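Thanks for coming. I will take a few minutes to walk through one structure, for those who have not looked at it before.

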Amino acid sequence: MPVYRPKQRSFLDLQREERLDVQQGTVVWLLVRYREMIFPQWLTRAWRRGEGRRGRPAWPIEALLALVVLRWSEGGMSRVSACRRAATDSMWRYAMGLPVEGRTPTEKTLREVEAWLLEEHEESGLSRKQMLFEHVAHLALWSVSARGLAPPRWFMDSTPMWCFGAVLDTVRLLGDGLRRLGRAWARATDQPLASVAQSWDAPLLLARSTKGWLRIDWHDPEARSTAISGLVAVVLRAVEDVKGELPQIGDTWVREEAGRLCELLLRVIEQDLVKDRKGRWNIAERVARNRLVSLSDPEAGHGHKTRSESFWGYKINVLGDLESGVIAALSVTPGNGHDAAPGHELVARVQQMRIDLRRILADTAYGGIESRLQLRSHGVDLVAPAPTHKRPSKMFSKNDFDIDFKEGVAICPNGVKSSERETTRGKEPKTAFRWAAPVCAECPMRQQCLRVRRPKTSKNGKSMGRPPKAGKRLVLEPLERELREARAEWADPARREEYRDRSIGERLNAALVQHGARSARSRGRPAADLQAHLIGMTVNLGILARNLAATEAAARHARPTRRPTAGASRRRAAAAAADRRRPAGPPGRAPQLPLLPSPARS
Ligand code: SF4
């Protein structure tokens, strides 16, 4: 099918577009003027629709990508709403390069573009969405430096993203999962659901709600245990039945879906339930590490925004410039994961983008010693609080002991040196310093230093019991030296002062949330990742638009004024009118975007 080329612009189009008051420095303005450069040919040439001669004309990829961006430019909306808006909003059509009247892309086309963006880019091996995101990030950073703004100061953090799928408790995970499996199996074997329910002896399959069908008092442990055990028995029977017959199912999609549901149901039983002595199943009083929280979003996890505030879904890990707000890299990981590992991947990604990153501000979550060492191996200096060794009691902490690692000597708070070292027993042997028992027994500080039971005192004031047999033992962490170096570094007031600027970087998270990143709009982590990248790209396009508009305005003001000659004002008025009539495309006097080639990838 050929590419849909909008009809030659009519006088009506130009007249209407001229009346549209496209505000300078907005994403729409940017798309109107620089659409072709924002979506470069090295990326868009892989869009194969429109190469054939038959069928309905395909949409130009630039118009579709513009629509994908516009969808997230105002707080996010569904695909259907975005397509409806494109059909009714002249400004959006103008930004997409479509005439003011005529058809617009449908939701299906938008889905196809998103699937195309998730595919691998032929030259780099990265996904297309990643390539496009990095291209826009480069442009935004270029616009910052071209405008002579402050050089980047890097910041990384994470922000929650709620998953799209329903978050369920254990009983509903089992019951709803079983009902889904039943429906999938009925489709796969081409039989009515009632027959499947009969063959599995599971009337629950025909119910509307799991808990509504069970109808028990959930506060009664006996009734709860009986209900859960019955449910588990049916699930195990059904899974065994399905798994046995699965290879004979011809339809690949149905086979994979049924297999996936079986695995999820077994995972729920393994993670959330335990058998008691009587052989009945009960809900376990623990939380498994990667506990399943949703059948539709199996990769979503239970995370914490703060100690008291939790969420179910994903974490958006973001790395960007806190001065300009440009987002250089981001990723989406399960909500229960730690921040440090995805943070390191972002740093590596940014360095592969050939962006100079030597210092980064981050919060305590990234301040662990392993994290610091890993970032140091990338040549990055981390400005983050060092892990503290808090002790609520008045006892001495490990920090109160000085250690000379070179000489192999530890000095206690009483000033007594010890070079006697030993290795602890256990799974992970550690080094420990030991002080002699007689020295500690006579020490006036021993109450604050030794973890021994206080000697009992008799009625007449005499101390009872034996003095401690051994002296103080100070066990060192495997990376104790690095830990102490990090703490010493953190004690520097200049470093702490620099760290205070970290809070400015929260604007990056705020910008993502403002454009609709707080909730995923589709099921699954890949879709959430695409959404986060598109939002990050829209944020960067906003910065690029503002910077280009400011640069253009500055260039206009700086232009020397010449004395008008006869007829010059008439010519100027004619040129201005021609400029206004000119449709989308790069104007002659505007600052040119750098023509970035397809970046070499490693
Ligand atoms: S109890 Fe032993 S190690 Fe502790 S301060 Fe006194 S002398 Fe030093």
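I will go from the overall figures to the ligand, and then through a few separate regions.

Please keep in mind that this is a predicted model. The protein has 602 residues, and 34% of them count as buried. Its secondary structure comes to 22 helices and 14 strands. If you take the contacts with a separation of 6 or more, 67% are between residues 24 or more positions apart.

Now the ligand. Which residues are closest to the ligand? They are Cys 412, Cys 440, Cys 443, Cys 449 and Lys 472, out of 14 residues that surround the ligand. Two elements give two or more residues to this shell, namely α16, residues 437–441, and α17, residues 446–449. By class, the shell has 10 nonpolar residues, two polar ones and two charged ones.

Next, a sheet. Three strands form an open sheet, in the order β12-β13-β14, with antiparallel pairing. At the edges stand β12, residues 421–423, and β14, residues 473–475; each has a single partner strand, so one side of each is left without a neighbour in the sheet. On average, and ignoring direction, neighbouring strands here are turned by 30 degrees against each other. As a reminder, strands of a sheet pair through backbone hydrogen bonds, either parallel or antiparallel. Between β12 and β13, residues 431–434, there are three bridges. Within that pair, Glu 422 has Ala 432 in β13 as its bridge partner.

Gly 408 sits in the loop between β9, residues 402–404, and β10, residues 409–411. Is Gly 408 buried or partly exposed? Gly 408 has 13 other C-beta atoms within 10 Å, and that makes it partly exposed. Leaving aside neighbours within four places in sequence, Gly 408 is in contact with Ser 419 and Arg 421. Ser 419 is 11 residues away along the chain, and the C-alpha atoms of Gly 408 and Ser 419 are separated by 6.1 Å.

Let me turn to a hairpin. Strands β5 and β6 run antiparallel and are joined by seven bridges. Ile 316 stands opposite Val 332 in β6. Five residues lie between the strands of this hairpin, where Gly 325 takes a positive phi near 85 degrees.

Just after α20 comes Gly 516, with a positive phi of about 100 degrees.

Last, two backbone angles. Most residues other than glycine have a negative phi. Asp 201 has a positive phi, near 55 degrees. Asp 201 lies in the loop between α10, residues 193–200, and α11, residues 210–214. With 10 C-beta neighbours inside 10 Å, Asp 201 counts as exposed. Arg 354 also has a positive phi, near 65 degrees. Its place is in the loop between α14, residues 340–352, and β7, residues 359–361. Arg 354 has 11 C-beta neighbours inside 10 Å and therefore counts as exposed.

That is the end of the tour.

Definitions and conventions:
Residues numbered from 1 in each chain as written. Predicted model: local features only at pLDDT ≥ 70, side-chain atom pairs only at ≥ 80, totals over all residues. Helix = DSSP H or I, 4+ residues; strand = E, 2+ residues; numbered from the N terminus. Buried ≥ 20, exposed ≤ 12 C-beta atoms within 10 Å, placed from the backbone. Contact = placed C-beta atoms within 7 Å. Near = placed C-beta within 6 Å. Nonpolar A, V, L, I, M, F, W, Y, C, P; charged D, E, K, R; others polar. Pairing = 2+ DSSP bridges. Axes fitted to C-alpha atoms, helices over the stretch in contact; angles between N-to-C directions.
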